[in-house]
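Please keep the structure open beside you as you read.

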Amino acid sequence: MTKTSLVSAITVVIALAGCANSGARSAADTPGSTGASASATGNATAEGGAVKWSPCTGLTGPDGKPAAPDPALQCGKLAVPLDYAKKNGEKIDLALIRVKATGRRQGSLVFNFGGPGGSGVDTLALAAKAFAGLNSGYDLVSFDPRGVDRSAPVKCGDLDEWLSMGLVGPDVAKLTKRLAAACAKNSGKLLPHVGTMNAARDLDRIRVALGDPKLNYFGLSYGTQLGAVYATQYPKNVGRFVLDGALDPTVSFADRAKIQVAGFKQAFDSFSADCVKQGCDLGASPAAVTKSLEKLADRLEDKPLKVGDRKLTKDLAITGAMATLYAKQTWPVLEQATAAAIKGDGTQLLAMADSYNGRKPDGTYSTMMASFLAITCLDNAERPSAAEIRKVERQTAKIFPLMASGGAGSLCAHWPVKGSDAAKKIDATGSAPILVVGGKGDPATPYQWAPKLAAQLKTGVLVTYEGEGHGAYLSGSTCVTRLVDAYFLSGENPGTNATCPAA
């Protein structure tokens with residue numbers, strides 16, 4: 001499985017920089033207890049009106065531990081209907097975070113960093129400085145979508161067993177049935193209401209509460225689907241929209257798995273070639289680099305590597321390794337961590353897997369994985385058979401054996417709530433122009449999805465980035481940064497088929 005999540009990329013890049021200095025699941029189909037207190041979003045709640053902001057407490061740092069207070073961050077809550085068919089019924093609170101504009105304010109810019117299931121509150125707190133150019137003109141705002149962390153979180157119990165084994169083989173069905181049952185037991189009332197259609201309705205409530213006549217929005221990864229659904233539901237409320245790391249909502253579970261595995265194979269090949277060029281500890285040729293990781297995986301399948309009181313399994317090692325492919329900046333960490341594991345030290349690979357999976361130092365999890373399941377399965381009517389899942393396993397194994405998987409279909413096959421394809425129907429006719437950015441070397445949301453999403457929107461303007469990494473804005477490309485900032489700050493439309501070279 002592979003999460004289409006810039007949350008993963010941002011967290012891994014920041015956290016692994018620390019791992020590299022100290023020596024210390026497959027991803028739009030991967031993403032527990034939450035460990036986060038309600039106070040993490042302040043104490044004030046607004047319903048349909050202005051959000052009452054207060055200092056943030058209880059935020060999480062890149063190492064999964066409590067973060068130090070930051071006076072630049074403000075948090076608040078917004079009450080929305082649990083069931084939009086019953087607007088006077090039960091309410092849930094959405095957790096919001098804001099960084100006020102540092103210059104002449106043009107309004108609010110709302111972010112969704114992906115997942116589905118990623119915490120926008122924690123991610124914006126970590127990544128606000130990366131958007132400093134936009135912060136000069138906008139209040140930067142993000143939120144935990146419904147079902148995520150501080151916003152009526154989905155809980156599915158202990159995830160260690162599930163995350164420690166691969167999603168291939170005869171035991172998968174039994175494990176996923178148990179997992180689905182645990183989700184139903186812990187969060188049954190919430191599960192029918194956490195999908196993207198309701199998240200888009202929440203976005204419009206957020207717009208109103210912020211006092212903005214139109215929504216200015218930066219969607220990254222899965223956030224591109226959320227933005228596209230919003231633009232379909234509320235085309236006249238679309239302000240300046242950028243969708244980076246585009247996801248094609250219409251793709252089936254099977255095709256998504258195959259396309260993503262091919263994307264990660266391409267990214268791994270690019271890493272291997274670059275590693276050899278720099279002088280690689282894993283082999284003297286790209287083929288030798290691949291062989292080194294394959295041998296490590298085989299060894300771990302037979303005998304997991306002890307790391308403290310835990311074990312680095314084959315699946316956790318692959319998760320940790322593939323997490324570094326989200327950004328070119330972390331390729332050196334992939335080399336270092338894999339070489340260390342080959343020598344018997346699995347600390348770094350396990351740390352990378354934990355960061356990707358949302359596992360905290362105390363052994364609890366964020367809700368990212370549970371939320372991912374709930375949202376993904378509700379957003380799809382597909383419920384593949386065992387035979388269909390086995391077919392996808394065989395097909396992905398031929399593409400990239402290290403990432404062989406049945407994809408999200410193997411998880412949703414036993415989901416306790418019926419899904420819907422409503423979030424796959426995209427048409428933003430009548431909206432303002434929407435920039436859709438795709439990267440040629442993006443592993444999690446491969447480039448082919450960007451022109452498809454732009455076409456589905458009808459108002460999409462395609463921007464192509466020629467470089468590596470999941471998401472172009474955070475890749476280090478000054479071209480992409482200038483283009484996106486100019487659109488948000490000045491309304492400059494780059495025109496059809498704009499292209500930026502690799503950073």
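## A disulfide between C275 and C280

C275 and C280 form a disulfide, with 2.0 Å between their sulfur atoms; the term is used here for a pair of cysteine sulfur atoms within 2.5 Å. The torsion about their S-S bond is about 80°, so this disulfide is right-handed. C275 is buried at 3% relative accessibility, and C280 is buried too, with a relative accessible area of 15%. Buried means under 20% relative accessible area, exposed means over 50%, and partly exposed lies in between, using a 1.4 Å probe and protein chains only.

A word on the source: this is a predicted model, in which local features need pLDDT of at least 70 and side-chain atom pairs count only at pLDDT 80 or more, while totals for chains, interfaces and linings use all residues. Residues are numbered from 1 along each chain as its sequence is written, and side-chain values use heavy atoms, with hydrogens and water left out.

## The other cysteine pairs

How many disulfides does the count come to? By the sulfur cut-off, the count comes to 5 disulfides. With the bonded cysteines of the chain numbered in sequence order, the pairing runs 1-2, 3-4, 5-6, 7-8, 9-10.

Helices here are DSSP runs (H or I, at least four residues), as are strands (E, at least two), numbered from the N terminus. Both ends are buried, C156 at 2% relative accessibility and C183 at 0%.

Another disulfide joins C479 to C500, S to S 2.0 Å. Here the torsion about the S-S bond is about -70°, so the disulfide is left-handed. C479 lies in helix α17 (residues 478-490) and C500 in strand β15 (residues 498-500), so the pair ties together parts that are 21 residues apart in sequence. C500 is buried, at 0% relative accessible area.

## Where α8 meets α9

Helix α8 (residues 253-278) packs against helix α9 (residues 286-302) at an angle of about 115°, and their axes are 8 Å apart. Axes are lines fitted to C-alpha atoms, for helices over the stretch in contact, and angles run from 0 to 180 degrees between N-to-C directions.

On the α8 side, the contact (heavy atoms within 4.5 Å) is made by F268, F271, S272, A273 and V276. From α9 come P286, V289, T290 and L293.

## An enclosed helix, α11

Helix α11 (residues 331-342) has 12 residues. Of these 12 residues, 9 are buried, so α11 is largely enclosed by the rest of the structure. Among the buried residues are W331, E335 and T338, along with A339, A340 and A341. After α11 comes G344, whose phi is positive, near 105°.

Is H193 buried or exposed? H193 is buried, with a relative accessible area of 15%. Its place is in the loop between α5 and α6 (196-210). Leaving aside neighbours within four places in sequence, H193 is in contact with L82, D83, R146, N198 and L378. H193 and L82 are 111 residues apart along the chain, yet their C-alpha atoms are separated by 6.6 Å.

Notes:
The expected span of a helix is 1.5 Å times one less than its number of residues.
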